[in-house]
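Hi there,

Here is the structure I promised to pass on to you. Have a look at it first, and then read my notes below.

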There are 2 protein chains.
Amino acid sequence: MAKLYGVGVGPGDPELLTLKAIRILQSVSVICVPRSSYDSDSFALSIVEGVIGKAGQEIIPLVFPMSKDKEVTKKFWDESAIIIEGKLKAGMDVACISIGDPFFYSTFIYVFENLKERLKDLDVEIVPGITSINASSAATLLPLAKANERVAVLPATYEKEMLSDALKNYDTIVLMKVNRVFDEVLAVLEEMGLKDNAVFISRCGTEEERIVRDLDLLKGKELDYLSMVIVRKALY
Amino acid sequence: MAKLYGVGVGPGDPELLTLKAIRILQSVSVICVPRSSYDSDSFALSIVEGVIGKAGQEIIPLVFPMSKDKEVTKKFWDESAIIIEGKLKAGMDVACISIGDPFFYSTFIYVFENLKERLKDLDVEIVPGITSINASSAATLLPLAKANERVAVLPATYEKEMLSDALKNYDTIVLMKVNRVFDEVLAVLEEMGLKDNAVFISRCGTEEERIVRDLDLLKGKELDYLSMVIVRKALY
């Protein structure tokens, strides 16, 4: 059976691709690209457009709708896994590309878990990618951690107590997908006197990159879904 | 004044360099490489050896001794900052290379903070790199986080209560520089019934990479200083 690759393509800037990602994307027969619907563009594909296609690879869009209904999402993951299984069994190496890193808040993890169940002898390799966290830390000139500092990464859905605890016990707190709960997060940061230690970043590493250091400006606004807030206690 | 770059060179495999890191390392006049003593080899330098030097760059070793004495380490950071300041003022672009990412547990952060104090008009750019965390997650086939899962990163020096809290409240817990406190960590994992959810990795991405899933094998042993334990509750 052929080999499956999960390939991280970084946060958006094609220059943040690794040599390994490029080599594998240029060597496989099939490249699977995630999309949120059948007719939407793939952000991940746009990152690698300059390096693939020369060898005539087949490019297959996999649809991962943003839905909270597990039955709906499972149907799409199953469908993707069946497509990939077919290609692997036909002896074709398959690379699935993921924004950032394939094992860090990526839909690839579901496909990977699904395929591991289907194929006991699955041959898989993960190529790590630059995460949006590291790219955002670089873009904002905000170090994530030094020496013995602690880092907490929390996605947007959380309880208030959890957020307060993290803000108390950790030195850097990264709030992912913050768009959905931004005003609530802002209120907690204000309450804890940490508002001035926070920076908002969206679409890091793309042409639409946005960095906002005065969080009040974003109150009540509609925010991009690729956005995060980094809170760092030790500002200099 | 010229420009300072903090360039992440990834965890060890030269193929995990980004295109941007390579472009900048091939364009600057001066490359600073970290060493732990004057006569030791630089691990970071070994990662980029294949891509630099063609343009006749000056390579300057910066010594960052591993010491808990802040007066000692400050002396070395000051010394490094003075060297870099001189090059920048002479109009030479300088790249400081860091294993992994420059803003994630890197000594570059100290040099950066020091230079920011010295030079109010410091022109600096950070090039993010693949962290050892993402590389280790890939090598062990252990996803770090999906959906709304939480991730905690703790360095080796911690209080037991802090570790227990993190193991309770987070889905994935990454313990960095675990070599110094491995037996204590193992005891807490055993107590909390999480020993089988943990994987030990050292020198990820290098020829000496070591992955150990039965942590009991490491009890009482001397471990590499570039080592971590990833604890993931949701094993499949």
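This is a predicted model: local features need pLDDT of at least 70, side-chain atom pairs count only at pLDDT 80 or more; totals for chains, interfaces and linings use all residues.

**What I found**

Let's begin inside one chain: A:Pro34 has A:Leu62 as its bridge partner in β3(A).

Now for the pairing between the chains. Strand β6 (residues 151-154) of chain A is joined to β6(B) by three bridges, and these two strands run antiparallel. Within this pairing, A:Val153 stands opposite B:Val151.

How many residues of each chain take part in the contact between chain B and chain A? There are 54 residues of chain B in contact with 54 residues of chain A. The size of an interface is often given as the accessible area lost when the parts come together. For chain B and chain A, the buried area is about 4,800 Å², with 61% of it on carbon and sulfur atoms.

Charged and polar groups meet across the interface too. Four salt bridges are found between chain B and chain A. One salt bridge is between B:Lys146 and A:Glu113, where the closest N and O atoms are 2.6 Å apart. Between the two chains, 20 residue pairs are in polar contact.

Which elements of chain B supply the side that touches chain A? At least two residues each come from α1 (19-27), α4 (108-118), β5 (123-127), α5 (132-140), β6 (151-154) and α6 (160-169). The most come from α4(B), which gives five residues. Sorted by class, this side of chain B has 33 nonpolar, nine polar and twelve charged residues.

Finally, how are the two copies related? Chain B can be laid on chain A by a turn of 180° and a shift of 0.0 Å along the axis, with an RMSD of 0.0 Å. The two copies are therefore related as by a two-fold rotation axis. The same surface serves both copies, as 100% of the contact residues of chain B recur in chain A.

Enjoy exploring!

Best wishes

Conventions: Residues are numbered from 1 along each chain as its sequence is written. Chains are lettered from A and ligands numbered from 1 in the order in which they are written. Side-chain values use heavy atoms; hydrogens and water are left out. Contact means heavy atoms within 4.5 Å. Buried area is the accessible area (1.4 Å probe) that two parts lose on being put together, summed over both. A salt bridge is a side-chain nitrogen of Lys or Arg within 4 Å of a carboxyl oxygen of Asp or Glu. A polar contact is a pair of N or O atoms within 3.5 Å; within protein, one must be able to donate a hydrogen and the other to accept it, and residues adjacent in sequence count only if both atoms are side-chain atoms. Helices (H or I, at least four residues) and strands (E, at least two) are DSSP runs, numbered from the N terminus. Ala, Val, Leu, Ile, Met, Phe, Trp, Tyr, Cys and Pro count as nonpolar, Asp, Glu, Lys and Arg as charged, and the others, Gly among them, as polar. Two strands pair if DSSP finds at least two bridges between them. Copies are superposed by least squares on the C-alpha atoms of residues with pLDDT of at least 70 in both.
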